[in-house]
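Subject: Structure handover and notes

Hello,

The sequence and structure are below for your files.

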Amino acid sequence: MGNTLAGWLQALALVGALALCYRPLGDYIARVLTTSKHLRVERGVYKLIGVDGDADQRWPVYLRSVVAFSAVSVLFLYGLIRLQGWLLLNLGVPQMDGHQAWNTAISFVANTNWQSYAGESAMGHLAQMAGLAVQNFVSAAVGIAVVAALIRGFTRNRTDRVGNFWVDLVRINLRLLLPISIVFALVLAASGVIQNFHGFTEVTTLGGDVQRIPGGPVASQEVIKLLGTNGGGFFNANSAHPFENPTGFSNLVEIFLLLVIPFALPRTFGRMVGDNRQGYAIVAVMGLFWVASTALLTWSEVAHHGSALQAAGAAMEGKEQRFGIAASTLFASSTTLTSTGAVNSFHDSFTPFGGGLTVFNMMLGEIAPGGTGSGLYGMLILAVVAVFVAGLMVGRTPEYLGKKLGGREMKFASLYILTTPTLVLVGTGVAMALPGERAGMLNSGAHGFSEVLYAFTSAANNNGSAFGGITVNTDWYDTALGLAMIFGRLLPIVFVLALAGSLAQQQPVPATPGTLPTHKPLFVGLLSGVILIVVGLTYFPALALGPIAEGLS
C-alpha cells in the first residue's frame, strides 16, 4: 500500500472516529457545564480556594477571575523555570534566562506553547511536569470555560450572571480533561511513546560516536498537549520525534486527540441552547474548512512543481518520512486549523502554497474546528457577524437564537475580529522595519518575510507552531512575541465575555417569518462566505508579499 493511499485511509478512519464521538462527548460536556451537582472532590477544592460553588458571577467578575488566574499562573511558571536549576529532577539543566522564561511562561498560560528552546536540553523533568503539563490542562480548561459563559449568554434572560469561572475550571479539568488524558496516556505508552524518569543515557553508535539519549515522562504530557490543543513538545522535534510519535497508529491517535474536543463542542452548544440543529450547522462549517484545507494542502505538496521536486517524485523535504506526505499534511492542516501548534513535519520546507495554507489556516482565527473552546467562541462571533450582515441585506434588526444584535453587541464582535489581525500585522511590520530583527531571518525575500509573518500569526492566534528558519531566541522577539501571545489570548476573551453579559441581559424575542433560520444550508453558506471575506481578506496583502509572491516566482 502506498503512503498516499494509507494517508487517505487514515483520514477516513479519523473522520469516522470523530463522527462517533460527536454526540456522546458533546452531550457529556454539556452535562458537565450545566449540572448543579458537585462531586465531593470538587467541593473540597472550592473550600480550599474559598469559592461558593453555587454562586454565579457577573461577566466582569468572571473576566477578572480569568485574568487573575492567568496572572498568577504566569508568575508561578516563570518562577519555576527560573529556579529549576535548584529543584529536583533538573537533570543538571541550568535556569533559563529572564526574557526566554517570560516568553515561555506566557506561552503556556496563553495556550500557545510557542517554544524558543529545545525541550530536552532546556527543561528538567519537574519543570515539564509541574509547570508545562499543568498549564496544558488549565489553559485548555479556560478556553472551554469562556465559551460556556458565551453560550449561557444566549440561553439566559434578563440576568447579569454568566456562570462561575472557578466551578467551570475545576469541573472541566476533573471531569473531562483528566479522565480522557489518563486513558489515552496509556494508549500512547502502549504504542511506544516513552514514559519514565530517566535522564540522559549515553550510547555508542555504529560509527563509534557517543550519543546522549534523553528520557522522561513523555506520554503523560503528550496526551494533554494534543487533547488541550496546546502543542508544546517534550522534545525539540515535537511530534516528529520517535519518542513522542513512534508509529503510524500513534500518529493517527495524536491527530484524533487534537480534533476530538473542538469538533464535539458544537454538539455541546446545540444541547445547551436547546436546538441540536444549531450545533450541526456550526460543525458543518468547521468540517467544510477542515476538509478543504487538508485537500488543498495535500495537493500542493503532491503536485511538486519544479524540476528538483519532479525528479524526487514529491516535495519530501521536511516531511515525515515514516508516514509520507498525506499523513504529514493531515497533521499540518489539523494543527494549524486548531490552536495546537504540534508538528510532525517542517512547515518551512512545504511548498510556497502549502506553507501559505498553514499560515492562512491560522489567520482564519483557528475556527475549523479551532482550539478547545476558543474555536467555538470564535465561530460564534463570526456567526453573530453573519446574522448581522443578513439583517442588513433584508432591512431588519438581526436576531440570533432569540437575541437581538444591536450596536453594543456588534461593537464587541467587531473588536474581537480586529484584535488578532492588528497584533499580527503591526508585529510583522515592526519586525521588518528593524534591521537587527530582519537579520534573524534565515532566508531573504518573500520566504524570509513569510518566516516573520508566520511567527506573529502563530503567536497572536495562540497556535505556537513555527515556520522555522527565523532566529527568535532574542530579547526583542521574546518580548514582542510574548506580548502578541498574551494580548492575543486575553483581549478576545474580554470581548467574548462582554458579549455574553450583554446577551444575557436581554429579553428573548420570538421567531417570526422574517427571522433568518440559522440551522439550514443557507446559513452554512453565508457563514462560510463571511469567514472568507471578513477574516481571510484582511490578511491578503501580507500573504501576497510572502507565500503568494514566492509561489508565483
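Rings of Phe, Tyr and Trp (its six-membered ring) count as a pair if their centres lie within 6.5 Å; planes under 30 degrees apart are called stacked, those over 60 edge-to-face, and the rest tilted. On that basis, the whole structure contains 16 aromatic pairs.

The model is predicted, so local features need pLDDT of at least 70 and side-chain atom pairs count only at pLDDT 80 or more, while totals for chains, interfaces and linings use all residues. Numbering starts from 1 along each chain as its sequence is written, and side-chain values use heavy atoms, with hydrogens and water left out.

Aromatic pairs

Phe69 and Trp166 are an edge-to-face pair, because their ring centres are 6.0 Å apart and their planes stand at 80°. Phe69 belongs to helix α3 (residues 59-83) and Trp166 to helix α7 (residues 165-190), so the pair ties together parts 97 residues apart in sequence. Helices here are DSSP runs of H or I with at least four residues, and strands are runs of E with at least two, numbered from the N terminus. Trp166 has a relative accessible area of 21% and is therefore partly exposed; buried means under 20%, exposed over 50%, and partly exposed in between (1.4 Å probe, protein chains only). Trp476 is partly exposed at 25%, whereas Tyr477 is buried at 1%. One aromatic cluster consists of Tyr62, Phe69, Phe165 and Trp166.

Cavities and pocket

The search ran on a 1 Å grid over the protein atoms alone: a cavity is a set of points where a 1.4 Å probe fits but cannot get out, a pocket is an open set with protein on both sides within 12 Å along at least five of seven lines, and lining residues have an atom within 4 Å of a point. Points are joined across faces, edges and corners, and a volume is the space filled by probe spheres set on them.

There are three cavities of 30 Å³ or more. The largest cavity holds about 310 Å³. It is lined by 24 residues, of which Gly365, Glu366, Tyr416, Thr420 and Asn461 are the closest to its centre. Helices α14 (374-394), α15 (407-433) and α18 (475-504) each give at least two residues to this lining. By class the lining has twelve nonpolar, ten polar and two charged residues; Ala, Val, Leu, Ile, Met, Phe, Trp, Tyr, Cys and Pro count as nonpolar, Asp, Glu, Lys and Arg as charged, and the others, Gly among them, as polar.

The second largest cavity has a volume of about 50 Å³. Its lining includes Phe69, Gln135, Arg489 and Ile493, and the elements that supply two or more residues are α3, α6 (125-155) and α18. Seven of the lining residues are nonpolar, four polar and one charged.

The largest pocket has about 610 Å³ of space. Among its 33 lining residues, Gln115, Asn236, Phe346, Ala466 and Gly468 are the closest to the centre. The lining comprises twelve nonpolar, 19 polar and two charged residues.

Thr298

Thr298 lies in helix α10 (residues 276-302) and is buried, with a relative accessible area of 5%. Leaving aside residues up to four places away in sequence, Thr298 touches Trp8 and Thr329, where contact means heavy atoms within 4.5 Å. The side chains of Thr298 and Thr329 are joined by a polar contact of 2.8 Å. A polar contact is a pair of N or O atoms within 3.5 Å; within protein, one must be able to donate a hydrogen and the other to accept it, and residues adjacent in sequence count only if both atoms are side-chain atoms.

Regards
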